[in-house]
Structures are given as C-alpha cells and as structure tokens.
Amino acid sequence: MDRTAQLTARALSYASPSALPVRAARVLDANWTGASTVPSRSLYPHQWSWDSAFIAIGLRHLSPLRAQTELETLLAAQWADGRVPHIVFNPSVPLDAYFPGPDFWRSTTAGHAAGAPRTVQTSGIVQPPVHALAAWLVHRADPGLSHARGFLARLYPRLAAWHRYLLRCRDLGGGGLVSVVHPWEQGMDNSPCWDAPLARIDPAPVRSFRRADLDHGAPEDRPTDLDYGRYVRLAVEYRDVRYADGHGEFAVEDPSFNALLIASEHALAHIAAELGASAAARHARAERLTSALVERLWSAESGMFLCRDVSGGELIPERGVSGLVPLLLPTLPRELVTVLVRTLTGPHFGLGGATRLVPSYDLLGEAFDPHRYWRGPAWFNTGWLVERGLRLHGERAAADALGAAVLELAEASGFAEYVDPYTGEACGAAGFGWTAALALDLHQRLLDRPG
Ligand code: 9WN
C-alpha cells in the first residue's frame, strides 16, 4: 500500500471520512517537478524558498525522501556568502512565464562577487528562514532514512551559514535583528505595513517591464502596477550594486521574519544536539534574538508586534498578521502571549468571531481589502504558524478551532492560495503548494492526537 493509501486508510479508521489527504497529495504530486515542488504550475512555475520549507513539512507525511530532496534542491542553490535565494529558476520553463525571471536577476554575473552558483540561475534576494525548522521536522518524520542519507549532517553547515549571513550582513538597524531589503523578502508582498517605507521609492516606469502574473491572476486580487514599479526599482538597485548589503533605500525589521529565524535557530540547536554537537550557544542566541524582538518591535499600545522602518527609525503603525507570528516562540513572556491572543480574537483580527482564519491585515485598518493579496485575505501558512503558537502556549480551544478552519477551508477552496477572510471564497492560484502541504500536516497531527 503506498503512503497516500495508508493515510486514507488511517483517516477512515478514525471515522474521519475526509478526502483531504488524497486531494492534498494530488496537488503536491501535480506540482512536483522531480527535484522540488512549484507553488503553482501557472502563477509560480519555479522553486520558491519559504514555499519549499512549508511544502517539505507537509511532504514528510507522504514521502520523507521527497521532503528531504525538496530542501536539498533549494540549499544546493545557496550562494557562497550564505544567502538562500528566494527563487531557484527551472531552466526548462520559458523566460516570459514569470516576471522577474533569470534574465532580470542575472545571478551568475551580477551575483558573482557574492558567490552565486554557476550552474543554476536564482534571484538575489531572500525569503523567511523557515528551513531549519522544516529540516528538523522532516528529519523527525523518518530518523532512520535521515541518518542513512546523512540528511542532517549535510544540511547543517548550509543552514548554519544561512543564519550567519542574516545575522552578519542584515543587521542593518544595528539592534541585533535582521532587516529585509525588499517586500518580496518578507513574503507578504503588498502588506500595508510596507506602504510608508515604499512611498519613498521612485517607481520604475510601468512600460519598462511586463508583468506575467496578470496572465493568470485577477488584477483586483494582485498588487497594483505602482507596487510593481517600486518592487522593480528596489530589485534593480540591489542587482546593480552586485547584491552587496547596506546600500539600499528600503530596510525594515519585520516580526514574522525574525520570529521564524528564532524558531529556526532553536531547531538548529536540536539538529546540532542530534549530530553530537553542543546546542547551548544556539539556544542562547535564540534567547538574545527573542529579547531584541521584544525590545525593538513590541508595541503595548497596538497589542502586538509591529514592523520597524530602519531608515526612519520608527515603528510602522499598521497591524499585519506578521505581528502575531511571534506567538510561535517558546520563551515569549506569558503576559505578551496573553495580549497577542486578545488582539487575535479581538476586533482587529476577529478570530473565532467575524473570521475563522487569521486575516493578513487589520479588519479595521484603512487599507483593508478582503481580496487583494496580503492586504486582508487569509493565508494558510500564517494560519498554520498561529495554530502552532496557540497550541504551544496552551490555548487549546483556539488552536483546535483554527486548525479545523484551516482543514475545512483549504479543502473547500480547492487548496487556494488565499481566501476572503469573511466568506472563505477562494482567491489567487488554485492547487497551491503550501496550502495543500500544511493542511496535510495539520490533518496528520490531528490523527496522531485523536480526541
Ligand atoms: C514574489 C510564491 C510566492 C510566495 C510569496 C507570495 C508570492 C511572489 C509574487 O508568491 O510572491 O516572490 O510573484 O507575487 O507573496 O509569499 O512565496 O508562492
């Protein structure tokens, strides 16, 4: 019996007639290219960094070997300076299928000084460091296979170099936290949190590039042309300084990016211990980062974490889901957990009342739009992260309800990229990789913990 059939049989034995594991597995199979998984065959036909980490977390239930391969393929494209690129391009996909493609980023030439790989084309920016967390979870799904293949031993130095790059080259604010230098790096591309720092950027003329995303996505669900003009300008400027850090006009300390680094630093500590090395220094670093996160990004007035605009030096007064992701941290002070849960379930995010999944942005915010990408819709990766945080801190009823909503809406929406936070209406791409993978992961965890 193959793994999909086994999962279905187990689900049925718990009197759960859900077809979710089979349907999710079909999405992951359809998006599998042989060495990695695309987020979407149409909209995103290459390998994306944080998508692959989330996808590996789900894939481990279907095929631990494929999950290991997913992460290995991504990390094989790591640059010599330690950065893990946000896209690894598939050479067999036509150049105009996605913008900006390899001809825009020019990693093998413009990225030469920073150590871009010669044999594969990548972008030059990064995405949130979920990888060590993913590697640890993938290992635990099948420790025998992992040991036999030397999975952790091979990945550990790469993951350590990745974190080192972030901590050494991206502490642009000088306060111990990592800055992102482009909204695409943080992964929540057009969040209203970026509006103020982006307003300073002179947009590239719309006629100087051609968006491929509008061939597949509804314009009202996607970022605007003005957003794209600024994304392009920032990326061109980074490319033109040969991807050297510390020169750009945009630098923001983001709570989700940093919280994921901290969670991954704790995971690296577990990996180190598994390999017989000391974990203490890594746990201590994670603690220092947690303190810096609280010191620099906590806003008692907003009841959550905010982004800090490094150039202006100020907190950005917009409530995005990013500011709830630190719930994931094991040593977050209890009083902050209490406030975060209150904010999550209060009028700004409405969880358990007006909404069943976490909206990407403040329901009461002026910029709220239930369909436009990261300006309001609910996404499944952030739902998965917040569920994990709630469970970690003993908020079992809220975690159960959110987990159930992730499962139900992921399946009902056809594993949509994101959904209207009020109605659950599907938006963006269908058959989206991390939606299928993370729903599968939650489904499996519920089976492992019945009742
Ligand atoms: C730019 C792939 C990626 C996700 C991001 C999401 C979206 C890309 C785009 O798709 O960004 O990287 O073209 O809009 O915002 O989080 O990783 O799924």
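**Note on the predicted model**

1. The ligand is surrounded by Pro39, Tyr44, Trp48, Trp50, Asp51, His86, Trp184, Gly187, Asp189 and Asp213 (C-beta atom, placed from the backbone, within 6 Å of the ligand). This shell divides into five nonpolar, two polar and three charged residues. Ala, Val, Leu, Ile, Met, Phe, Trp, Tyr, Cys and Pro count as nonpolar, Asp, Glu, Lys and Arg as charged, and the others, Gly among them, as polar.

2. This is a predicted model: local features need pLDDT of at least 70, side-chain atom pairs count only at pLDDT 80 or more, and totals for chains, interfaces and linings use all residues. Numbering starts from 1 along each chain as its sequence is written.

3. The largest nonpolar core has 129 residues; Ala135, Val406, Ala437 and Ala439 touch the most other members. Such a core is a set of buried Ala, Val, Leu, Ile, Met, Phe, Trp, Tyr and Cys residues joined through C-beta atoms within 7 Å. Buried means 20 or more other C-beta atoms within 10 Å of the residue's own. Helix α13 (residues 255-274) gives the largest share, 11 residues. Helices are DSSP runs (H or I, at least four residues) and strands likewise (E, at least two), numbered from the N terminus.

4. Phenylalanine 99 and proline 100 are joined by a cis peptide bond, with omega about 0°. Proline 100 sits in the loop between β2 (87-88) and α5 (102-105).

5. Tyrosine 373 has a positive phi, near 55°. Its loop runs between α15 (334-345) and β9 (378-379). Tyrosine 373 counts as buried, with 25 C-beta neighbours inside 10 Å.

6. Phenylalanine 415 also has a positive phi, about 55°. This residue is buried, with 30 other C-beta atoms within 10 Å.

Methods:
Buried ≥ 20, exposed ≤ 12 C-beta atoms within 10 Å, placed from the backbone.
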